[in-house]
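Here are a few notes to read alongside the structure. Have a look at it first, then go through the points one by one.

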Amino acid sequence: MAEVTITKNNFQEEVVNSNIPVLVDFWAEWCGPCRMVSPIIEELANDYEGKVKVGKINVDDENELAVQFKIMSIPTIALFKDGKMVDKIVGARPKSDFEDFINRNI
């Protein structure tokens, strides 16, 4: 399953109303560490298909969402359950760190 692009217009539908946890990658085009993490996030979308929905929020395009969730550094990978952020991890990490993060929160 491909990652979903999340905007303020579809946040309610894609995150709040999701019947499975949602992993959200807060990122930006100009961010080097974000580009390093991007292929890992794509792999996670495939690895956890059906268990976790994976979405991406471009903080430059969706500044309101970045402010709402107090995103100070990118990449920030956040996990939402029932529409609420339950945990987040900041910075470029190896895939195993993200897997541990997901498994601990779902």
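1. Start with the hairpin of β4 and β5: there are two residues between the strands, and Asp82 has a positive phi near 50°. The model is a predicted one, where local features need pLDDT of at least 70, side-chain atom pairs count only at pLDDT 80 or more, and totals for chains, interfaces and linings use all residues. Residues are numbered from 1 along each chain as its sequence is written, and side-chain values use heavy atoms, with hydrogens and water left out.

2. The two strands themselves, β4 (residues 76-81) and β5 (residues 84-90), run antiparallel and are joined by six bridges. Strands here are DSSP runs of E, at least two residues, numbered from the N terminus, and two of them pair if DSSP finds at least two bridges between them. Lys81 has Lys84 in β5 as its bridge partner.

3. Next, Asp25, which sits in strand β2 (residues 22-27). Is Asp25 buried or exposed? Its relative accessible area is 1%, so Asp25 is buried (under 20% relative accessible area, with a 1.4 Å probe and protein chains only). Setting aside neighbours within four places in sequence, Asp25 is in contact (heavy atoms within 4.5 Å) with residues including Ile41, Gly55, Lys56 and Ile57. Pro75, Thr76 and Ile77 are also among the contacts of Asp25.

4. Finally, the cysteines. Counting a disulfide as a pair of cysteine sulfur atoms within 2.5 Å, the model has one. Cys31 and Cys34 form a disulfide with their sulfur atoms 2.3 Å apart. The link of Cys31 and Cys34 is right-handed, with 80° about the S-S bond. Both Cys31 and Cys34 are buried.

Note on methods:
Buried < 20%, exposed > 50% of the residue type's maximum accessible area, 1.4 Å probe, protein only. Helix = DSSP H or I, 4+ residues; strand = E, 2+ residues; numbered from the N terminus.
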